Amino acid sequence: MSPAERTRSTGRDRLRDSVLAGDLSFLLARANARALAAANTALAPHGLKARSYSVLALAADDARPTQRELAEFLHLDPSQVVALIDGLEQRHLVERHADPADRRANVLVATEAGRALFARAQDAVRAVGLDSLASMTPRDHERLAHLLRLLAFPD
């Protein structure tokens, strides 16, 4: 090992042993950044990013969310959701339909092309997710998902 490699390794280990590396907020942020980067790489061939994939997933799942519900669920500003929907709509992947319960609101519905793209993109995201969690057991996956749901949906 070269001196530069030793220094890099020692520095990396020193940082991994730092007080910050034990901070849950930092660990969640770092894990999120790594997961988003991997997901965006996997989604790029499909012309999607994590946010547009999320909107398409909810539309393809027949949840028929309103734009307001999407903004709240995804924790995004409503203007960001409008831009995401506009992009998906321009690609004929989703359509806005009047909400039968409230004609002033729109619900989002995936087109057949949107459902097909979602299925392909979902396979790519699942594959990258499995790769990133390869060091964990299936039981660890379940526990992690349970704990993240508790954090993501505290009410």
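This is a predicted model: local features need pLDDT of at least 70, side-chain atom pairs count only at pLDDT 80 or more; totals for chains, interfaces and linings use all residues.
A residue counts as buried under 20% relative accessible area, as exposed over 50%, and as partly exposed in between.

**Helices α4 and α5**

- Helix α4 covers residues 67-74 and helix α5 covers residues 78-90; they pack with their axes 9 Å apart, at an angle of about 115 degrees.
- Angles of 65 to 115 degrees count as roughly perpendicular, and α4 and α5 are therefore described that way.
- As for handedness, α4 goes past α5 in a right-handed crossing.
- On the α4 side the contact uses Gln67, Leu70 and Ala71, and on the α5 side they meet Pro78, Val81, Val82 and Ile85.
- Sorted by class, that contact of α4 with α5 comes out as six nonpolar residues, one polar and no charged ones.

**Helices α2 and α6**

- Here helix α2 (residues 24-43) packs on helix α6 (residues 112-132), again with a stated axis separation of 9 Å, and the angle is about 140 degrees.
- That makes α2 and α6 oblique to each other.
- The crossing of α2 past α6 is right-handed.
- From α2 the contact draws on Ala38, Ala39, Ala42 and Leu43, while α6 brings in Ala121, Ala124, Val125 and Val128.
- Class by class, the contact of α2 with α6 has eight nonpolar residues, with no polar and no charged ones.

**The Phe73 and Phe153 pair**

- The structure has two aromatic pairs, and one of them is formed by Phe73 and Phe153.
- Their ring centres sit 5.6 Å apart with the planes at 20 degrees, so this pair is stacked; the cut-off for stacked is planes under 30 degrees apart.
- Phe73 belongs to helix α4 and Phe153 to the segment after α7 (138-152), so the pair ties together parts that are 80 residues apart in sequence.

**Thr66 in its loop**

- You'll find Thr66 in the loop between α3 (50-60) and α4.
- With a relative accessibility of 11%, Thr66 counts as buried.
- Setting aside neighbours within four places in sequence, Thr66 is in contact with Asp99, Ala105, Asn106 and Val107.

Conventions:
Residues are numbered from 1 along each chain as its sequence is written. Side-chain values use heavy atoms; hydrogens and water are left out. Axes are lines fitted to C-alpha atoms, for helices over the stretch in contact, and angles run from 0 to 180 degrees between N-to-C directions. Helices (H or I, at least four residues) and strands (E, at least two) are DSSP runs, numbered from the N terminus. Angles under 35 degrees count as roughly parallel, over 145 as roughly antiparallel, 65 to 115 as roughly perpendicular and the rest as oblique. A crossing is left-handed if the near helix is turned anticlockwise from the far one by less than a right angle, and right-handed if clockwise. Contact means heavy atoms within 4.5 Å. Ala, Val, Leu, Ile, Met, Phe, Trp, Tyr, Cys and Pro count as nonpolar, Asp, Glu, Lys and Arg as charged, and the others, Gly among them, as polar. Rings of Phe, Tyr and Trp (its six-membered ring) pair if their centres lie within 6.5 Å; planes under 30 degrees apart count as stacked, over 60 as edge-to-face and the rest as tilted. Buried means under 20% relative accessible area, exposed over 50%, partly exposed in between (1.4 Å probe, protein chains only).
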